[in-house]
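This briefing concerns nonpolar cores and aromatic ring pairs. Please consult the sequence and structure shown next.

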Amino acid sequence: MNTKIFEIYDLDEKSRAELDIAGDAVKDGKLVIFPTETVYGLGADATNPTAVKNIYVAKGRPSDNPLIIHISEPHEAERYAYTSTLYYMLAEKFMPGPLTVILNAKDTVPPITRGGLDTVAVRCPSSIVARELIKRAGVAVAAPSANLSGTPSPTSSEHVIKDMVGRVDVIIASAECEIGLESTIVKIESEDSVTLLRPGAITVDQLCEVENEVAIADAVTDNLGEGDRPLSPGMKYRHYAPKAELVLVDADREDFIKTVLSDTAEDVAVISYSEYIAEFLSADKKIDVYDFGSSDDEIVQARNLFSILRKTDEKSYTRIYAPLPKKDGMGLALYNRMIRAAAHKIIRLRR
Ligand code: TXA
Ligand code: MG
């Protein structure tokens, strides 16, 4: 397949003309990769079963894993789902933005888009390029993250170009994604409770400001037991896994550094808080160091994580160490992604 690549950073005349072409491509049932504030998405007309099937093929993804449909304004959800007062309260506060809401689906959404469920995931991204594309498509755009299944979600145009050229019709290359982790997903259970299915940049504390009953699905922080059925089908896959063994270390600075440096394997790397880097670089043992960001800056860590994991995949490390994130604020999203990437390998040294 011949992939058109458009570089779109603002809405000048050239970009608008290219967005017209990309919008027409969606209308024609083609695949279009587009930037969002979270990660890049691999989009197609959410109401066209053939187009949606091609998304699964391009990603190499099992088709029982439902997709998020992207809309350009919160009220467009009406066409595809049964909304409620609570939906509009969440929308008022967090849309456009990195929040996905699971609602009961209308028949306009074909079963393949929702993985056979009777619910559908709806999200209105804040990325202007994404919203302009959706407007031009004139329909909701179904899109998973634009990575090959099993690799980290793409947060830069280099990532999508590397994974997806030849597999899709159009790639809209744009700036690096501001957030770098996928959207927060909540399911509206009733008019007075929501369940968090996937943590993201919209935190539990923020959700509590709208609805004080926020349950956290077990799979957000735990291992799923054999045969357990997760609320969100995506949670059962070992996502975001780097090639090397990733080990998370729950320790203070001194113990963290000691643990990493005492690994006798030859090819070891560390994803290190910025403040620790000098110590790793001056140590006798030679290890590769990736800057995770300052220890108290989870926004920057979130932006860096997937990009670092991709970089480590270009090398052949035996083991990669990283700090275990805290479970509050944006830390919960990091924790959720990192325990999966590490397949739950955690060294606990905190007393
Ligand atoms: O930030 C994001 O959400 C990105 C960008 C592109 O918008 N998209 C994204 O899509 O992360 P994806 O397909 O990689 O992850 C969507 C997750 C999956 O884990 C899927 O199982 C879950 O949402 N999901 C989708 N529809 C659902 C539904 N009806 N009920 C429960 N979970 C659902
Ligand atoms: Mg994904």
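Leaving aside neighbours within four places in sequence, with which residues is Tyr87 in contact? Tyr87 is in contact (heavy atoms within 4.5 Å) with Ile71, Pro74, Ala77, Met95, Val101, Leu103, Val122 and Ile188.

This is a predicted model, in which local features need pLDDT of at least 70, side-chain atom pairs count only at pLDDT 80 or more, and totals for chains, interfaces and linings use all residues. Residues are numbered from 1 along each chain as its sequence is written, and side-chain values use heavy atoms, with hydrogens and water left out.

**Nonpolar cores**

- A nonpolar core is a set of buried Ala, Val, Leu, Ile, Met, Phe, Trp, Tyr and Cys residues joined through side-chain atoms within 4.5 Å; buried means under 20% relative accessible area, with a 1.4 Å probe and protein chains only.
- The largest such core has 73 residues, of which Ile33, Leu42, Tyr87, Leu90, Val101, Ile172 and Leu207 touch the most other members.
- Another core, of 41 residues, lies apart from it and includes Ile179, Phe256, Ile320 and Met338.

**Aromatic pairs**

- The structure holds six aromatic pairs, defined by ring centres of Phe, Tyr or Trp (its six-membered ring) within 6.5 Å; planes over 60 degrees apart count as edge-to-face.
- Tyr273 and Tyr276 form an edge-to-face pair, 5.5 Å centre to centre with 85° between the planes.
- Tyr273 is buried at a relative accessible area of 12%, and Tyr276 is buried at 9%.
- Ring pairs link Phe256, Tyr273, Tyr276, Phe280 and Phe292 into a cluster.

Terms used
Chains are lettered from A and ligands numbered from 1 in the order in which they are written. Buried means under 20% relative accessible area, exposed over 50%, partly exposed in between (1.4 Å probe, protein chains only). Rings of Phe, Tyr and Trp (its six-membered ring) pair if their centres lie within 6.5 Å; planes under 30 degrees apart count as stacked, over 60 as edge-to-face and the rest as tilted.
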